[in-house]
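Morning, everyone. Please look at the model on the screen while I walk through some local features.

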Amino acid sequence: MQTKKKKTTSQTNLIDLLAEKLEPSFDIINQKLQTDNITVHLLYLKTVVDNDQIQNYIIKPFFEMGSIQLFDSYIASLPQNNKIETNEKVLSQLSRGSVLVQIQEQNYLLDLKKITTNLVLETNIEPTIQGPELGLSEDIQTNLNIIRHRYHNISLKIETHQIGTSNNQTLAILYDQENVNDSVLKNLQEKVKNLKHSVILSSSELQRLLNDKKWTFMPIMMITERSDRVIQNIAGGKVVLILDGTPNAIIAPSVFFDFMTSMDDKYLPFGVSKFLKVLRYFGLFICLLLPGVYVAVTSYNPEVLRSELAFSVAGSRVGVPFPSFIEVLFLLVFMELLTEASIRLPRAVSGTATTVGGLILGTAATEAALTSNIMVIIVSAVAIATFAIPINEMSFAIRIVRYVLLFFGTTAGITGLILSFLAIVLYLTNLESFGEPYLKLFVQRKKVETKGVKS
């Protein structure tokens, strides 16, 4: 009898100890349910717990069941019941919406959290013409439910980790056990375990922390809001990371050609998708090379143009007081400011800002002879070509590379532009994404597979 009394005291002290650590928060509920000879203690945070579930799963059955043994068996059989480990883990679960139920000498931890972010959002950043319109949610359980409903394979594995030493955010790692690259998976698992950052709130921040090369400008992991892209990459053997509280997923490894692929390529006819791919790569070269080509031709190598075109370009620059490099740089920076303003401003006024900046100020600049008409056409073409890149991370990287090529085109003309472009290609060739070559071609993969079959 003495041993039983000590156990009861120890269990009661657990409730008091946890309640003391949670104080002085106003939303702590340390509640006692009691009938004639039956007493049950509850501890939870009312701001994150669903009160209706507490009423239906705990309070109502407690007063309807006649014995403590029957109620104990009922609580133990609930599917929301989680394993109790250390006191720190219990405190973490309480802050997530769990309820600690103490019945005599037993403690149970029930997951009865209140979810307010499980709304599946529409795809805004990666829209498609014929694909699914709904993407992911800010609730990780909803996202895992979406993926499970669209990927019916028992080889799909889901691991969960707690990241962020202060906010203890939940991170899920998803992969197909039969197709995944084991070295990539182990690399990501080690990086996730070694994260020591205090607060991690978004997928973009997590992507930056997982990247060892902090000064690289090319993305080696893709952030997507589309569930169909997530499913396709899981089936292709890649690893997907989903962070609770953000409607985006991280896909690794990701190579250059992944960022130039839209989900429309999967849904549209073969010929149409190939045409759109060629159009995107054409826009990529325009975005990268056109400003540098303009400066190199007008300042160093006008002989590469036909005489009629050279005279037309020279005539349009009559009265412009700046050299071509300053002219191009001025309009490109102005375009970057306009793009940034249209992103940051509220939607109600972003359209007005774009119209004012693009039309009125552009027209006024040409009339004031601060820039040429051809330069306005070139910058507009560059802006349109930049928007043709389907993934934002690659679009941002290309905008940076454009200035590098412009600098070398200004200093050494066509020769400097070509050499700097080749240097960028060599840099991308040496770059890797978790062991995968960044400029990996289908032809390379086919050769590797053929060698493997012969051997």
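Arg-280 has contacts with Met-260, Thr-261, Ser-262, Asp-265, Ala-388 and Pro-390, leaving aside residues up to four places away in sequence. Contact here means heavy atoms within 4.5 Å. Arg-280 sits in helix 10, residues 270-299. Helices (H or I, at least four residues) and strands (E, at least two) are DSSP runs, numbered from the N terminus. Is Arg-280 buried or exposed? Buried, at a relative accessible area of 9%. The cut-offs: buried is under 20% relative accessible area, exposed is over 50%, and partly exposed is in between, with a 1.4 Å probe and protein chains only.

A word on the source. This is a predicted model, in which local features need pLDDT of at least 70 and side-chain atom pairs count only at pLDDT 80 or more, while totals for chains, interfaces and linings use all residues. Residues are numbered from 1 along each chain as its sequence is written, and side-chain values use heavy atoms, with hydrogens and water left out.

Next, salt bridges. How many does the structure hold? Eight. The criterion is a side-chain nitrogen of Lys or Arg within 4 Å of a carboxyl oxygen of Asp or Glu.

One of them joins Lys-113 and Asp-111, with the closest N and O atoms 3.1 Å apart. Lys-113 is partly exposed, at 22% relative accessibility. Asp-111 is partly exposed, at 25%.

Another pairs Asp-258 with Lys-238, at 2.5 Å from N to O. Asp-258 is in the loop between strand 10 (249-252) and helix 9 (264-267), and Lys-238 is in the loop between helix 8 (227-235) and strand 9 (239-243), so this pair ties together parts 20 residues apart in sequence. Asp-258 and Lys-238 are both buried.

Then there is Arg-402 with Glu-336. Their closest N and O atoms are 2.5 Å apart. This pair links distant parts of the chain: Arg-402 is in helix 15 (residues 392-430), Glu-336 is in helix 12 (residues 324-344), and they are 66 residues apart. Both Arg-402 and Glu-336 are buried. Arg-399 joins in too: Glu-336, Arg-399 and Arg-402 are linked in a network of salt bridges.

The axes of helix 12 and helix 15 come within 11 Å and cross at roughly 175°. Axes are lines fitted to C-alpha atoms, for helices over the stretch in contact, and angles run from 0 to 180 degrees between N-to-C directions. Helix 12 and helix 15 are therefore roughly antiparallel. On that scale, under 35 degrees is roughly parallel, over 145 roughly antiparallel, 65 to 115 roughly perpendicular, and the rest oblique.

Which residues make the contact? From helix 12, Phe-325, Val-328, Leu-329, Leu-332, Val-333, Met-335, Glu-336 and Thr-339. From helix 15, Arg-399, Arg-402, Tyr-403, Leu-406 and Thr-410.

On to aromatics. The structure holds nine aromatic pairs. Rings of Phe, Tyr and Trp (its six-membered ring) pair if their centres lie within 6.5 Å; planes under 30 degrees apart are stacked, over 60 edge-to-face, and the rest tilted.

Phe-71 and Tyr-74 form a tilted pair, 6.2 Å centre to centre with 35° between the planes. They are three residues apart in helix 3 (residues 68-76), so about one helical turn separates them. Phe-71 is buried, at 1% relative accessibility. For Phe-256 and Phe-257, the ring centres are 5.5 Å apart and the planes are at 85°, so that pair is edge-to-face. Phe-256 is buried, at 8%, whereas Phe-257 is partly exposed, at 25%. There is also a cluster: ring pairs link Phe-62, Phe-63, Phe-71 and Tyr-74.

Last, the backbone. A cis peptide bond joins Ala-252 and Pro-253, with omega about -5°. Pro-253 is in the loop between strand 10 and helix 9.

Two residues to check for phi. Asn-168 is not a glycine, yet its phi is positive, near 50°. Asn-168 lies in the loop between strand 6 (156-163) and strand 7 (169-176) and is partly exposed, at 31%. Phe-434 also has a positive phi, about 55°, without being a glycine. Phe-434 lies in the loop between strand 11 (432-433) and strand 12 (436-437). Buried or exposed? Phe-434 is buried, with a relative accessible area of 10%.
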